[in-house]
Amino acid sequence: MELQTTTSPHNTGPNSITGIMLRVIIAMIPGIAAYVWFFGWGLIINMIIAISAALLCEALILKWRQRPLMPFLSDGSAVVTAMLLALAIPPLAPWWVTVIGILFAIIIAKHLYGGLGYNPFNPAMVGYVMLLVSFPREMTSWIPLASWSDISLNFQDSLIYIFTQQLPVSVTFDALTEATPLDTLKTHLGQGNTVTEVRAQLGLDEQTSRLLSLTPIFGDIGGKGWEWINGAFLLGGLWLIYKRIIGWQIPVAMLGSLSAIALLFFLIDTDHNASPLFHLFSGAAILGAFFIATDPVTAAASPRGRLIYGIGIGLLVYIIRNWGGYPDSIAFAVLLMNMVVPLIDHYFKPRVFGHRK
Amino acid sequence: MIRRLWKFNGGVHPPQHKKESTGLNIGPAILPRQLTLPLHQHIGEPAEPLVQVGDHVLKGQIIARANGYVSAPVHAPSSGTIAAIGEYPIPHPSGFSADCIIIDTDGEDRWGERLGIADYQELSPSALRNLIREAGIVGLGGAGFPSYIKLNPGHDKVIKTLILNGVECEPYITCDDMLMRERSEQVIAGLRIARHALQAEQCIVAIESNKQEAFAIMRDAAQNDDDIEVVRVPTLYPQGSEKQLIKVLTGQEVPSNGLSLQIGVVSLNVGTSAAIYRAICHGEPLISRIITVAGNGVNTPRNLETLIGTPMDELIRQCDGDPAQLGKLIMGGPMMGFALHQTDLPIIKTTNCVLSHHRDQMPQQKPVLPCIRCGACMDACPVELLPQQLYWFARSDELDKAQEHDLFDCIECGCCSYVCPSNIPLVQFYRYAKGEIWIREREREKSELARQRFEFREMRIARRKAEHGAKRKQKQIAAKKRDDKEDEIKAAVERAQQRRDQARDSAIEQAEKQRTKDSRDG
């Protein structure tokens, strides 16, 4: 009987890619739940479309590339990409928008670069940006908060709308679309209003909003509803750090630098700059910090490198939000910093044991 | 007083599997019919045989002497006859054979002369070191570095701390644990001797927190020694690695590529310490050691006091296992040990554990996936390397970059492979890269040497030519000079001749003038 002579270590630990991705998915659940609570069933339908499309697409490409199917299909990375893309696009986006985004993310951004582990850019963000520049109308029509609106769609209505773009008779398209808080603020600031005015006009309490049949956009600290969604993602993100699935460096650096630069400009001109808390809790900052920027494949590797990478994203987010053409900018900021990763990795190596400090 | 402890980066907590082999006391291994003693069981030069086939040897008799400064002698572990001297398979990752002495034991196990020292303090450090050298003692923790060299720091070096390493962080292995539990006086006595040999200021015995019983016993054994401190360190693999342990206990880092001596620290394994005691106080050379026989290939895992040279399959059988049913046999632990090619290889001085896997209960092989750059390896690396970068460089044969990223600081502890979610055999890539670099360096050295030789030859030829040319020139010049001289002489002669001729001519002229004048006058 031949003895097996593999080299040490002869035992393997409990870690697996599937395990990592599964925990990331679990950590997203609170945020997704809050999202569904505020914006209705659209997200769930989008996610189902996105995940199915992603798995199908992944399977096809793997077959073409003559790679084994099971280890890669079950690694969970395509599912996470699909979930992130579904979270990024409007909840009632037509089905083909989602599918095109997924195709682009999985085929172009992931497999053309070599598949799992080899893609320099975050696939979900590449897919999202492609959709954003190609289908601006579909990608910017957000919907009002479901729980505050009289015209919220139920699961069936959402399903019909996503696949056929047919609304129930009682609902008009205009009543169903609304800009996001960041978008609204940007537009109104552009018209010469101050932050306080915008918030006073649109940050209504429940009673007034019902009276005027208007949907409130701003809450106590961030966008109405968005603060809860971001809070829920924060919870999941902290759990990921606790579980050591992600390091603390990227989220802390990114949110820290975003808050710092927001605070600076807020103190300089309170009228025309939103508060740091508004920046953290209105758009996708928290989701981005814990779930998107931390994608290991496309992020910097060393601890110091991760800090630099996170700081870069935070600053870029603020710059693009304030002076760029788009109301939110997590995707652009992440993709821009993805480009810098090889440079960061080259210059920020940790000190090796026994070498001079 | 509680000693302050430091931390090193990373480390892992693999399942320990230590309880399985600590249920029974250390038992004696059987005396095998044949003992195989490799001449190279240590770091350094192989020993040189002193016996011939047919010689009868007694237990403890030296059969091969140390060859050079970094070397260690080999002794007969039992009495018997030298059956053969030649190449036999040895426990080595390569599966190669090497020179061995084979003894047919006579079953009497009769000792030769043993001279124990009653009071080691009467001996000078250098005399102690000589005895330790003659006893063939090498580091029993696994590296096998000759111990007397470690105890010889040099005249100008002050050893501040002598560390006794009872960490034993590898899973499954319990030989040090059982040694400390059952023979704590021997370990402490050996430590006192080593301390005397080094003139060390303080001693620390480090024991991991998963060995509570051994810790308590060792603390009791050392309670009367003011300069010996028994310290409990938190369980974390690879804390038993010398440099990591020194960091934990002293906060100091041994310089990369350097020795612990440079920062005034020497460390010994607890087994080595006990061996030193037996060598000095009882005159017993290193002919046996405690071996942990563990794994699912044996039904009664335990520790056995085993003669060096005993075949491993005998130990497997003694622990109720069937060597023929094994699928994998590892010398050492699961993290750093190496897999053997056959089961009948001898126990050597550096064998601490024989870890066997039944062929039906083999460790699971998981599919290898691409690296997702998660950095778990980096977080686990006790040397603070960037394992994933090293992996990319090793894979793509960018060996310069691998070296730039301090590949050679890697201690091959296996933490990175252990935590890798993609199941990449990272350490294997580093070994490959190191090996490849060595090969290339040797080739480079060879070609460098060849180049130097060639250049020297060219230079020599050129010099000879030049010398030749110069000589010829000189000769020519000399010849020319000679010619010139002759010419000069000739010219001078000619000039003289001329002058003479002229004088003669003018004399004749004058005479003729005189004559014509006379005749005109006449």
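Residues are numbered from 1 along each chain as its sequence is written, and chains are lettered from A, with ligands numbered from 1, in the order in which they are written. Because the model is predicted, local features need pLDDT of at least 70 and side-chain atom pairs count only at pLDDT 80 or more, while totals for chains, interfaces and linings use all residues.

**Confidence**

Colour the model by pLDDT, the predictor's confidence in each residue, from 0 to 100. Chain B has a mean of 91, with 97% of its residues at 70 or more. For the complex, the predictor gives an ipTM of 0.85 and a pTM of 0.84.

**Chain A**

Select chain A, whose secondary structure comes to 18 helices and 0 strands. Helices (H or I, at least four residues) and strands (E, at least two) are DSSP runs, numbered from the N terminus. Of the 357 residues in chain A, 50% are buried; a residue is buried if 20 or more other C-beta atoms lie within 10 Å of its own, exposed if 12 or fewer, and partly exposed in between, with C-beta atoms placed from the backbone.

Next, colour residues 17–175 and 179–347 of chain A separately: they are domain 1 and domain 2, with bounds from an automatic or database domain assignment. Their contact takes 29 residues from each of domain 1 and domain 2 of chain A, where two residues are in contact if their C-beta atoms, placed from the backbone, lie within 7 Å. On the domain 1 side, α1 (17–39), α4 (77–88) and α6 (123–134) of chain A each supply at least two residues, and α1(A) gives the most, with 12.

Now select α5 (residues 95–110) of chain A. Its 16 residues should span 22 Å at 1.5 Å a residue, and its end C-alpha atoms are 21 Å apart, which agrees; the expected span is 1.5 Å times one less than the number of residues. Buried residues of α5(A) include Ile102(A), Phe104(A) and Ile106(A). Among the elements that cover them are α2 (42–64), α4 and α6 of chain A.

Then go to the segment before α1 of chain A, where Pro9(A) lies. The peptide bond from Ser8(A) to Pro9(A) is cis, with omega near -5 degrees.

**Where the chains meet**

Show both chains: 55 residues of chain B are in contact with 35 residues of chain A. On the chain B side, β15(B) provides the largest share, 5 residues. That side divides into 32 nonpolar, 13 polar and 10 charged residues. Here Ala, Val, Leu, Ile, Met, Phe, Trp, Tyr, Cys and Pro count as nonpolar, Asp, Glu, Lys and Arg as charged, and the others, Gly among them, as polar.

**Chain B**

Select the open sheet of 3 strands in chain B, ordered β3-β5-β6 with antiparallel pairing; strands pair if DSSP finds at least two bridges between them. β3 (48–49) and β6 (74–75) of chain B stand at the edges with a single partner strand each, so one side of each is left without a neighbour in the sheet. In β6(B), His75(B) is the bridge partner of Ile62(B).

Continue to helix α3 (residues 175–182) of chain B, where 7 of 8 residues are buried.

Finish at the loop between α8 (312–318) and β15 of chain B, which holds Asp320(B). Phi of Asp320(B) is near 60 degrees, a positive value in a residue other than glycine. Asp320(B) counts as exposed, with 12 C-beta neighbours inside 10 Å.
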